[in-house]
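Hello,

Here is the structure I promised to hand over. Please open it first, then read my notes below.

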Protein chains: 2
Amino acid sequence: MDSKAFWKLSYGVFLLGAKAGDRVNACITNTCIQVANDPTRVAISCINKNYTRELISESGTFAISLLDSSATFELIRHFGMQSGRDVDKMASFQMPVDEFGNPYLGWAACAMLSCKVVESHDLGSHTLFIAEVVDAKVLSDNAPLTYADYQDHVKPKPEKPAGERKVKAWRCKICGYIYEGPELPKDFVCPICGHPADDFEPIYE
Amino acid sequence: MDSKAFWKLSYGVFLLGAKAGDRVNACITNTCIQVANDPTRVAISCINKNYTRELISESGTFAISLLDSSATFELIRHFGMQSGRDVDKMASFQMPVDEFGNPYLGWAACAMLSCKVVESHDLGSHTLFIAEVVDAKVLSDNAPLTYADYQDHVKPKPEKPAGERKVKAWRCKICGYIYEGPELPKDFVCPICGHPADDFEPIYE
């Protein structure tokens, strides 16, 4: 069995939003497919230990936002790489909500589906939710973000250790002025905004 | 509800092969996702009236081939746009089979999964099969074909009606010789293979 074969399956990238009582959360997921057309049903798979999964099991509803090509790594990191049990992920965002109060993305998403769970199947590590779609909106004309796009273009590439990288210039963090050259004199003062060398960051080759 | 929102979901393109007793068939499907990792499970959705679905329900196994960027429209048309109840789709193909005898693609696929059904859920129009993966192989280094790739690059674009298209040259169907110009003289004879004008086909602008 070559487990690399699984990496060849194609997925999108989605924000899965849920609300149960006063608790609201959202996480990143890759699995959402239409599984029937009469009646219309979608299926999502959600890690059992996830806080969002807990909220969906409680409320029986969720909203899924289909990320588009304008989605940034920072957005995916915020919702996908920390738990709503540790951090209030929703604190700094103003998000639209569906009729159940489930949050969805008002930017960086090309479509949303508002869903009501009709079947839940516990598969050990994950729960498979089969859901009726009660509302669906197209949100942008941008191409949907695929998981392959995320891996190839959105996720930052590993950087070389600082010792192996060559500095080619310095950028003033205050105004953006660029000083060309590998070494910034310690007594340098930004000719645009007057800030000192300490406010400059390196730009690598 | 805007049903165009569903078109934004990302899918792959797969050949779904099944064998029950002496009956063997394969069809094209777009839904295959990994739905759990402990234990490893995949899910596929299959139209209830499909012959391949009938064979999977009977045998409890299937093989799924993940089409890659080298897959042609003719391959997808052969397996995806006719029923195994009307045509023996397998007649002209020599295909490898998994341990259950399910056929998979020896070309135009980047990976295959051999699967044993553990749960079936009838959703009206479709059956959702949840399956254990008993074997998995990487078959090529080509990129997986996505459904969006199929729509944009593999599926032929609708041609203009013949009356609206301009002929720019004629190709000898026997040897490939090209006669440049919109009108091929009726008494023309191919200078390479000696075949007459009847054996030429138009090339449109």
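**What I found**

Helices (H or I, at least four residues) and strands (E, at least two) are DSSP runs, numbered from the N terminus. Two strands pair if DSSP finds at least two bridges between them.

First, some housekeeping. This is a predicted model: local features need pLDDT of at least 70, side-chain atom pairs count only at pLDDT 80 or more, and totals for chains, interfaces and linings use all residues. Residues are numbered from 1 along each chain as its sequence is written, while chains are lettered from A and ligands numbered from 1 in the order in which they are written.

Ala169(B) has Glu180(B), in strand 9 of chain B, as its bridge partner. These strands belong to an open sheet of 3 strands, with the order 9-8-10 and antiparallel pairing. Strand 9 (178–180) and strand 10 (200–204) of chain B are the edge strands, each pairing on one side only. From one strand to the next, the twist averages 30°.

Trp170(B) sits in strand 8 of chain B. Is Trp170(B) buried or exposed? It is buried, with 22 other C-beta atoms within 10 Å. The cut-offs: buried means 20 or more other C-beta atoms within 10 Å of the residue's own, exposed means 12 or fewer, and partly exposed is in between, with C-beta atoms placed from the backbone. Leaving out residues up to four places away in sequence, Trp170(B) touches Tyr179(B), Leu184(B), Phe200(B), Glu201(B), Pro202(B) and Ile203(B). Contact here means C-beta atoms, placed from the backbone, within 7 Å. Trp170(B) and Ile203(B) are 33 residues apart in sequence, yet 5.5 Å apart in space, C-alpha to C-alpha.

**The 7-strand sheet of chain A**

In chain A, 7 strands form an open sheet in the order 2-1-5-6-7-4-3, with antiparallel pairing. Strand 2 (23–29) and strand 3 of chain A stand at the edges with a single partner strand each, so one side of each has no neighbour in the sheet. The twist averages 35° from one strand to the next.

Helix 1 (residues 51–59) of chain A lies across strand 1 (14–20), strand 2, strand 4, strand 5, strand 6 and strand 7 of chain A, at about 50° to strand 1. Helix 2 (residues 73–80) of chain A packs on the sheet and touches strand 1 and strand 2; its direction makes about 125° with that of strand 2. Axes are lines fitted to C-alpha atoms, for helices over the stretch in contact, and angles run from 0 to 180 degrees between N-to-C directions.

Strand 5 (residues 61–67) and strand 6 of chain A pair antiparallel over 7 bridges. There, Phe62(A) stands opposite Cys115(A) in strand 6. Strand 6 and strand 7 of chain A pair antiparallel over 11 bridges. Their hairpin has 3 residues between the strands, and Gly124(A) in it takes a positive phi near 95°.

Most residues other than glycine have a negative phi, and most peptide bonds are trans. The bond from Asp38(A) to Pro39(A) is cis, with omega near 0°. Pro39(A) is in the loop between strand 3 and strand 4 of chain A. Ala108(A) has a positive phi, near 60°. It lies in the loop between helix 2 and strand 6 of chain A, and counts as partly exposed, with 19 C-beta neighbours inside 10 Å.

**How the chains meet**

In the interface, 42 residues of chain A are in contact with 42 residues of chain B. Strand 7 of chain A gives the largest share of chain A's side, 7 residues. A rotation of 180° with 0.0 Å of shift along its axis superposes chain A on chain B (RMSD 0.1 Å). In chain A, Tyr11(A) has the C-alpha nearest the axis, 3.1 Å from it. The copies meet through the same surface, because 100% of the interface residues of chain A are also interface residues in chain B.

Best wishes

Methods:
Two residues are in contact if their C-beta atoms, placed from the backbone, lie within 7 Å. Copies are superposed by least squares on the C-alpha atoms of residues with pLDDT of at least 70 in both.
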